[in-house]
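Hi everyone, thanks for coming. I'd like to walk you through one structure today, so please have a look at it while I talk.

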Amino acid sequence: ALSLTLASVMLLGMMVVGASAKGYPDVDDNDNVEAIEVLQAVQVMRGDENGNFDPDRNVTRVEMAVVMALLLNLDYQYYEATCPFTDVPTWARGYVGACYANGVTSGYSANTYGSNDGITPVQAASMMMRALGYFKYSQDYADGFEVSTVRQGTQVGIFEGVGSSATASMTRNQVARMALNAL
């Protein structure tokens with residue numbers, strides 16, 4: 001299912017997209033226009049009610065779980081009641097629960113997810129690479145979470161064009177680029 005979803009998204013990315021990311025008044029040539037267009041086309045990341053994409057707004061851990069659940073086409077409604085984290089808002093419980101149940105994300109503890117914390121490039125890359133089949137075993141993190149994720153992410157090119165430090169919060173622009181890299 002993951003392969004089919006990723007193949008579909010890649011094919012959509014090759015198509016000419018009718019509604020251009022440049023249609024967002026706050027997206028310019030310095031932004032990752034191609035990545036924004038692809039994620040908009042597959043309805044993973046959209047603009048706000050005012051017609052803006054908000055490329056410079058930081059993404060939280062719970063918002064990243066939403067991106068991942070939509071990207072992987074997970075049945076997030078099924079997982080609403082099984083989300084183990086008490087700090088996840090009601091509207092996001094299904095998305096976080098689906099990502100957790102499918103091994104895409106983990107929390108800070110058994111019942112704390114860190115919903116409102118900014119997602120770092122290392123955390124986002126780990127989620128995307130787990131979805132792609134990396135980091136299935138605890139020994140995959142033998143050199144530590146950050147070092148192992150950065151090393152593997154660099155090898156597969158997930159950080160290309162993202163332009164952030166390992167611990168800074170990612171923007172919507174950067175998340176769009178990293179998601180396109182993963183695809």
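Let's start with this: among contacts in the chain between residues at least 6 apart in sequence, what percentage join residues at least 24 apart? The answer is 63%. Keep in mind that what you're looking at is a predicted model.

Okay, the overall picture. Going along the sequence, you read α-α-α-α-α-α-α. That's seven helices, with zero strands. The chain has 183 residues, and 45% of them are buried. Its accessible surface comes to about 9100 Å², and carbon and sulfur atoms account for 49% of that.

Now, helix pairs. Two packed helices are described by the angle between their axes and the distance between the axes.

Take α3, residues 61-71, and α5, residues 121-131: their axes come within 11 Å and cross at roughly 25°. Angles under 35 degrees count as roughly parallel, so α3 is roughly parallel to α5. The crossing of these two, α3 and α5, is right-handed. Who touches whom? On the α3 side you have Arg61, Met64, Ala65 and Met68, and they meet Gln123, Ala124, Met127, Met128 and Ala131 in α5. Sort the residues in that contact of α3 with α5 by class and you get seven nonpolar, one polar and one charged.

By the way, here's a handy bit of background for looking at numbers like those. An α-helix has 3.6 residues a turn, so residues three or four places apart point the same way.

Next pair: α5 with α6. Here the angle is about 65°, and the axes are 9 Å apart. The crossing of α5 and α6 is left-handed. From α5 we have Val122, Gln123, Ala125, Ser126, Met129 and Arg130, while α6 brings Phe145, Glu146, Thr149, Val150, Gln152, Gly153 and Val156. By class, the contact of α5 with α6 has six nonpolar, five polar and two charged residues. And did you spot Gln123? That residue of α5 meets α3, and Gln123 also takes part in the contact with α6.

Let's move to α4, which covers residues 93-101. Which residues of α4 are buried? They are Gly94, Tyr95, Val96, Gly97, Ala98 and Cys99. What do they pack against? The buried residues of α4 pack against α3. After α4 comes Gly103, with a positive phi near 75°.

Gly161 sits in the loop between α6 and α7, whereas Gln174 is in helix α7 itself. Buried or exposed, what would you guess for Gly161? Its relative accessible area is 52%, so Gly161 is exposed; the cut-off for exposed is over 50%. Gln174 has a relative accessible area of 11%, so Gln174 is buried; for buried, the cut-off is under 20%.

In sequence, Gln174 and Gly161 are 13 residues apart, and from C-alpha to C-alpha they are 8.1 Å apart in space. Gly161 and Met178 are 17 residues apart in sequence, with 8.0 Å between their C-alpha atoms.

And their contacts? If we skip neighbours within four places in sequence, Gly161 is in contact with Asn32 and Arg177. Skipping the neighbours of Gln174 in the same way, we find Gln174 in contact with Val162, Gly163, Ser164 and Ser169.

Conventions
Residues numbered from 1 in each chain as written. Predicted model: local features only at pLDDT ≥ 70, side-chain atom pairs only at ≥ 80, totals over all residues. Heavy atoms only, no water. Helix = DSSP H or I, 4+ residues; strand = E, 2+ residues; numbered from the N terminus. Buried < 20%, exposed > 50% of the residue type's maximum accessible area, 1.4 Å probe, protein only. Contact = heavy atoms within 4.5 Å. Areas by Shrake-Rupley, 256 points an atom, 1.4 Å probe, with all protein chains shown as cover. Axes fitted to C-alpha atoms, helices over the stretch in contact; angles between N-to-C directions. Parallel < 35°, antiparallel > 145°, perpendicular 65-115°, else oblique. Left-handed = near helix turned anticlockwise from the far one by under 90°. Nonpolar A, V, L, I, M, F, W, Y, C, P; charged D, E, K, R; others polar.
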